[in-house]
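Hi,

Here is the structure I said I'd pass on. Have a look, and my notes follow below.

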Amino acid sequence: HSLYNGLAIQATKRLARGFQFIAAYTYSRAWDDRPDQTAVVVGADDGKIVQNQTNPAGDHGRSDTDLHHRFVFSPVYEWGKIKWSKNAVARALFSDYTVSSIMQFQSGLAYSALVSGDPNNDGNRSNDRLPGTVRNQFTSPAVYQFDVRLTRAIHFGEKMRVQLIAEAFNIFNRSNVVLVNNTYFNYSGGTTGVLTAPSAVTAFGTPRSFSSPASGTTTFATPRQVQLAVKFDF
C-alpha cells in the first residue's frame, strides 16, 4: 500500500536581453508499507524487510524516498560587447561573457531509529526499531548545492571562437549528508540481553557518509571542486 501526493510548479523565462532561467519547485508527501521488491539476498537486504512480517501495515509510514521540498533554479546571463566604455582595452577584457548556475535546495530524507542485535529474536538483525518510534520518523539534514560556470568567448572572424571556461561545484563547500547513523542502541546477550549506546563517533543522528559524484548515486559533491577548460568552435 503506497500513496504519493505532489505539487509541481515550474517557471521559465525565455532568452531576452541576455537573460533566461528555469525554476522548478516540488512539494510532496509519500507513504508506504515498505514495498521493496529488491529484498532478495539474505544478509545483504535484511534492512529492507518489514519489522513484523505478519503485520506489514505496522511499517506504514513515510516512504524511504519521501522528499518534502525540492527547488532547482538555473539562470543564464550573457552579454556581448560592453557599451559602458569606449576604451579598447576595457572592451576587450569585459566583453563576451556568460555566467550560469544551477542551484539546488531540498529536504533531507527519512530514516528510522534502530536497535541492532535482533532484540525481537526473529533472525533479522537489521530492521528492529526503537520502541515508541515509527518507521522513518526522523529526517536527515537538508541539502544545498551551488554550481557556477563563467565562460569567456574570444571570436576569430565570423566562424571561429575560443571559449575559456571556469566551473565551480559546491562553491560554498557545504557538507551535504547522504546517510546518518541510525542505530539508537546496540542489543546483546540473547533473552537476558542489555542495551548499550553507540560510541560518540557513531552516535544516533550523526553523519555517516557525505555525497559525492564518485558514489554514482547523486550529483551532490562533497568538497568544493573547480575545473578549467578551453573549447574551440569552428
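Predicted model: local features only at pLDDT ≥ 70, side-chain atom pairs only at ≥ 80, totals over all residues.

The side chain of N124 puts a polar atom 2.9 Å from the backbone nitrogen of S126. That is a polar contact, meaning a pair of N or O atoms within 3.5 Å; within protein, one must be able to donate a hydrogen and the other to accept it, and residues adjacent in sequence count only if both atoms are side-chain atoms. N124 sits in the loop between strand 7 (114-116) and strand 8 (138-139); strands here are DSSP runs of E, at least two residues, numbered from the N terminus. With a relative accessible area of 7%, N124 is buried (under 20%, using a 1.4 Å probe and protein chains only). Leaving aside neighbours within four places in sequence, N124 is in contact with D46, I49 and D118, where contact means heavy atoms within 4.5 Å.

Residues are numbered from 1 along each chain as its sequence is written, and side-chain values use heavy atoms, with hydrogens and water left out.

Now the strands. Strand 1 (residues 2-16) and strand 2 (residues 19-32) run antiparallel and are joined by 13 bridges; strands pair if DSSP finds at least two bridges between them. L3 stands opposite W31 in strand 2. The hairpin of strand 1 and strand 2 has two residues between the strands, and R17 there takes a positive phi near 55°. Strand 2 also runs antiparallel to strand 4 (residues 69-79), with nine bridges, and Y27 stands opposite H69 in strand 4. Two bridges join strand 2 to strand 3 (residues 61-62), again antiparallel, with D32 opposite G61.

Finally, the largest pocket: its volume is about 570 Å³. Of its 24 lining residues, R34, D64, A110, Y111 and N182 are the closest to its centre. On a 1 Å grid over the protein atoms alone, a pocket is an open set of points where a 1.4 Å probe fits, with protein on both sides within 12 Å along at least five of seven lines, and lining residues have an atom within 4 Å of a point. The volume is the space filled by probe spheres set on the points. Strand 11 gives the most to the lining, with three residues.

Cheers

Note on methods
Helix = DSSP H or I, 4+ residues; strand = E, 2+ residues; numbered from the N terminus. Buried < 20%, exposed > 50% of the residue type's maximum accessible area, 1.4 Å probe, protein only.
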